[in-house]
Amino acid sequence: EGRRTKGKPYNCGLCPATGLPGYGPPPGLSNKSFMTPAINKPVPEFEALATGGVKFTPQAYSGKIVVLYFYPKDNTPGCTTEAMQFRDHYKEFVKAGAVLFGVSRDNMASHDRFKQNLELPFELIADTEDKLWHLFGVGKNKSRDGKKVEGRERSTFLIGADGQLKQAWRGLKVPGHVDEVIKAVKELTNAACKGGGCLHVL
């Protein structure tokens with residue numbers, strides 16, 4: 001159970017994001033944890049491997065703002081541009097107290113090359129089994145040669161220091177997006193400072 005043919009969805013239940021059959025929790029995610037995150041609600045616990053030997057879990061970054069940006073594929077024009085823009089503004093994220101991760105279904109070897117070629121200062125999560133793709137509901141059906149195929153919707157998720165999802169950008173366009181995310185991160189940081197829990201890095 002939970003196994004699939006390449007290119008086919010996991011036929012294990014209903015997709016929380018769409019309510020459509022054929023999208024259930026992939027291997028490694030229980031029905032209990034398989035709940036699409038909602039704004040101002042805690043992000044379900046999960047575990048994912050990233051470059052640099054990093055094991056990402058929401059609990060591990062409790063108390064920090066986390067930015068997860070999902071992109072379709074390494075070394076493609078749009079994804080390269082987006083990665084470079086996050087790279088060029090990385091210091092602003094760090095100064096605002098945020099941790100940044102890129103996410104795609106590419107394997108670790110591909111991520112390592114992509115990260116090295118672009119000199120990315122942040123880690124990339126290898127979602128090779130589509131766990132996070134299903135969890136965050138970033139799938140998008142596309143039509144190719146008259147057939148419906150699974151696609152990846154470019155999306156970004158902003159998780160607050162309290163572990164709750166604060167903002168989600170779905171189906172986004174690359175131009176100007178990183179500026180929007182930085183603005184949202186700074187707003188979260190300023191709100192935390194007013195509450196006595198400042199996250200700024202001096």
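**Entry 1: ground rules**

For exposure I call a residue buried under 20% relative accessible area, exposed over 50% and partly exposed in between, using a 1.4 Å probe and protein chains only. I am working on a predicted model, where local features need pLDDT of at least 70 and side-chain atom pairs count only at pLDDT 80 or more, while totals for chains, interfaces and linings use all residues. Residues are numbered from 1 along each chain as its sequence is written, and side-chain values use heavy atoms, with hydrogens and water left out. Helices (H or I, at least four residues) and strands (E, at least two) are DSSP runs that I number from the N terminus.

**Entry 2: the sheet**

I started with the strand order. I found 5 strands in an open sheet, β5-β4-β3-β8-β9, with mixed pairing; two strands count as paired if DSSP finds at least two bridges between them. At the edges I have β5 (123–126) and β9 (165–170), each with a single partner strand, so one side of each has no neighbour in the sheet. On average, neighbouring strands here are turned by 20° against each other, direction ignored.

Next I looked at individual pairings. β3 runs antiparallel to β8 (residues 155–159) over 5 bridges, and Tyr69 sits opposite Thr156 in β8.

Then I checked which helices pack on the sheet. α1 does, touching β3, β4 and β8, and its direction makes about 160° with that of β3. α3 packs on the sheet too, touching β4 and β5, with about 160° between its direction and that of β5. By touching I mean heavy atoms within 4.5 Å; the axes are lines fitted to C-alpha atoms, for helices over the stretch in contact, and angles run from 0 to 180 degrees between N-to-C directions.

**Entry 3: strand β4**

I wanted to know how many residues of β4 are buried. I got 7 of the 7, so this strand is largely enclosed by the rest of the structure. Both of its faces are covered, with Ala98, Leu100, Gly102 and Ser104 buried on one side and Val99, Phe101 and Val103 on the other.

β4 pairs with β3 in the parallel sense over 6 bridges, and I noted Val99 in β4 as the bridge partner of Val66. With β5 the pairing is also parallel, over 4 bridges; there Gly102 has Leu124 in β5 as its bridge partner. I logged β4, α3 and β5 as a right-handed β-α-β unit. Right-handed is the call if, with the strands pointing away from me as viewer, the path from the first strand over the helix to the second runs clockwise.

**Entry 4: nonpolar cores**

For a nonpolar core I take buried Ala, Val, Leu, Ile, Met, Phe, Trp, Tyr and Cys residues joined through side-chain atoms within 4.5 Å. Which members of the largest one touch the most others? Tyr69, Phe93 and Val185 do, out of 24 residues. I see at least two residues each from β3 (65–70), α1 (77–88), β4 (98–104), α3 (108–118) and α5 (177–194), and α5 gives the most, with 5.

Leaving out residues up to four places away in sequence, Val185 touches Ile65, Val67, Phe93, Ala96, Ala98 and Leu158. Apart from this core I found another, of 22 residues, including Val43, Val54, Phe101 and Ile159.

**Entry 5: salt bridges**

Side chains of opposite charge can pair when their charged atoms come close. My rule is a side-chain nitrogen of Lys or Arg within 4 Å of a carboxyl oxygen of Asp or Glu, and that gives me 9 salt bridges.

I picked out Glu92 with Lys186, whose closest N and O atoms are 3.5 Å apart. Glu92 is in helix α2 (residues 90–95) and Lys186 in α5, so this pair ties together parts that are 94 residues apart in sequence. Both count as partly exposed, Glu92 at 33% and Lys186 at 36%.

I also noted Asp88 with Arg87, at 2.9 Å between the closest N and O atoms. Here Asp88 is exposed at 52%, and Arg87 is partly exposed at 24%. Lys166 pairs with Asp162 at 3.0 Å; I have Lys166 as partly exposed at 23% and Asp162 likewise at 47%.

**Entry 6: Asp130**

I put its C-alpha atom 10.0 Å from that of Asp106, which is 24 residues away along the chain.
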